[in-house]
Amino acid sequence: MSESNGEAVAAAVASATEAAGEVAAGGWRRATGIAGVAIGVVAAGAAAGVAIERLTVGRGMRQKARLALDSAGPYGGLRGTPGTAYAEDGTELYYEVDDLDPEADAEVYRAPRRRRLFGRRAPAPVTVVFSHGYCLNQDSWHFQRAALRGVVRTVHWDQRSHGRSGRGVAQTRDGRPVSIEELGRDLKAVIDAAAPEGPIVLVGHSMGGMTVMALADAFPDLIDERVVGVALVGTSSGRLGEVNFGLPVAGVNAVRRVLPGVLKALGQRAELVEKGRRATADLFAGIIKRYSFASRDVDPAVARFAERMIESTPIDVVAEYYPAFNDHDKTEALARFTDLPVLVLAGVRDLVTPSEHSEAIAGLLPDAELVLVPDAGHLVMLEHPELVTDRLADLLARAGAVPAAATVDGYGSTSSSAGPG
């Protein structure tokens, strides 16, 4: 890390500590100004570059650029047939289904039968269920969704308190913390509602991959009887408390010490904090870019798309989820995938769930395909969409979800189908 970045780290750590003190003292207005540096995963490392940009580009120009990118980028505009599943605690979980192209030869896309089925001509088609990551929503799979439309049946859902799903009832009513185990049960509810029969391929990014592992841990029979393939993208089976987020040892230890308390306190004053968050939007955008992408030539519209998704996650939801990651350990659940086609994919320069965690997963699944993308960060499916789509298409062919000769377009149509806007 360069000297300037080291200074940025020190400044960010000091800011986080100061924010905690301000919150404890009740100085909310002052704390919310500092909160732009403390919220999210880690604020350090981006501050220096953003400060330079603020000096050289006027605020009005930056606002105009954001508006232009929002209007030009079609990302996140794909919609499918909407549905609602209900979690154990009553939380409404929003999902959308993209069905097979009715004009296509449906028999081509049928999976091999796993047992003889009496009373029906063919088994149900394979359904690919996509689970998104922390502070994202189902639209994070935009490019893969576009490419697979009409080729295979897909389900995209929003995790509790994210996207169009309802706020977690257990969290808002009972004050119960979110757990990865709870997310696994949520995924089961979505599968029961959107894909009650037929083979399934599970695809998860980051927290979504952890959700898939929690599903396997809680419902092993479902994995044995219905799952025909698994993709784990930029995720981890545990030991997330050891991740340094690209910071020096002293910096990461300080951030770990103060960040949980800061997030919890800020989450209790969400409305006021959101105002401070908007006021520090430029710094927040720089932090998102640093921890989402590694390429220098990322499409600005894609970077803005990621920013919109992340900034739409309320600060109290950020706070609710954060402690769950330190508790996450689903290493033993990986054994459920031993006999399945598995894709493990990660960006080599991922600072949030480092690629070493994907290598550890693949080490426990020796038959899995391990793909490490050199110039990629945490949001690898947005940064290198064609590569991710290509490997996912290969997994689907190995799982029998699509024929080996099927053509999967790199981007697909961005036109909208029935469903809410």
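A: A salt bridge is called when a side-chain nitrogen of Lys or Arg is within 4 Å of a carboxyl oxygen of Asp or Glu. Please keep in mind that this is a predicted model. By that cut-off R398 forms a salt bridge with E369, the closest N and O atoms being 3.5 Å apart. R398 lies in helix α17 and E369 in strand β8, so the pair ties together parts that are 29 residues apart in sequence. R398 itself counts as partly exposed, at 38% relative accessibility.

Q: How many salt bridges does the structure hold, and which residues are linked in a network of them?

A: Side chains of opposite charge can pair when their charged atoms come close. The structure holds 25 salt bridges, and R79, E96, D98, D139, R145 and R149 are linked in a network of such bridges.

Q: How far apart in sequence are the parts that the pair of E320 and R167 ties together?

A: The side chains of E320 and R167 meet in a salt bridge, with 2.9 Å from N to O. Since E320 belongs to helix α14 while R167 sits in the loop between β4 (153-157) and α6 (169-174), the pair ties together parts that are 153 residues apart in sequence.

Q: Where do D394 and R391 lie?

A: Both D394 and R391 lie in helix α17, three residues apart, which is about one turn of the helix. Their side chains meet in a salt bridge of 3.3 Å, N to O, and D394 is partly exposed, with a relative accessible area of 28%.

Q: Is helix α14 largely enclosed or largely open?

A: Of the 13 residues of helix α14 (residues 315-327), 10 are buried, so the helix is largely enclosed by the rest of the structure. The buried residues of α14 include I315, V317, V318, Y321, Y322 and F325, and the charged D316 and E320 are among them as well. For the protein as a whole, buried residues make up 57% of the 421 residues.

Q: At what angle do helices α7 and α8 pack?

A: Two packed helices are described by the angle between their axes and the distance between the axes. Helix α7 (residues 180-194) and helix α8 (residues 207-218) pack at an angle of about 80°, with their axes 7 Å apart. That makes α7 roughly perpendicular to α8. Where they meet, α7 contributes residues including I180, L183, L187 and I191, and α8 contributes residues including M207, M210, V212 and L215.

Q: Which residues make a nonpolar surface patch, and how much of the accessible surface belongs to carbon and sulfur atoms?

A: V348, L370 and L372 make a nonpolar surface patch of about 200 Å². L370 is found in strand β8 (residues 369-373) and is partly exposed, with a relative accessible area of 35%. The accessible surface of the protein comes to about 17700 Å², of which 51% belongs to carbon and sulfur atoms.

Q: How many helices and strands are there, and what share of the contacts comes from residues 24 or more positions apart?

A: There are 17 helices and eight strands. Among contacts with a separation of 6 or more, residues 24 or more positions apart account for 80%. As a further case of separation along the chain, the C-alpha atoms of A401 and V228 are 173 residues apart in sequence and separated by 8.4 Å. A401 is found in the segment after α17 (385-398) and is buried, with a relative accessible area of 0%.

How values were computed: Residues are numbered from 1 along each chain as its sequence is written. This is a predicted model: local features need pLDDT of at least 70, side-chain atom pairs count only at pLDDT 80 or more; totals for chains, interfaces and linings use all residues. Side-chain values use heavy atoms; hydrogens and water are left out. Patches are made of residues with over 30% relative accessible area and no salt bridge: like charges are joined within 9 Å, nonpolar side chains (Val, Leu, Ile, Met, Phe, Trp, Tyr) within 5 Å. Accessible areas come from the Shrake-Rupley method with a 1.4 Å probe; for residues, only the protein chains shown count as cover. Helices (H or I, at least four residues) and strands (E, at least two) are DSSP runs, numbered from the N terminus. Buried means under 20% relative accessible area, exposed over 50%, partly exposed in between (1.4 Å probe, protein chains only). Axes are lines fitted to C-alpha atoms, for helices over the stretch in contact, and angles run from 0 to 180 degrees between N-to-C directions. Angles under 35 degrees count as roughly parallel, over 145 as roughly antiparallel, 65 to 115 as roughly perpendicular and the rest as oblique. Contact means heavy atoms within 4.5 Å.
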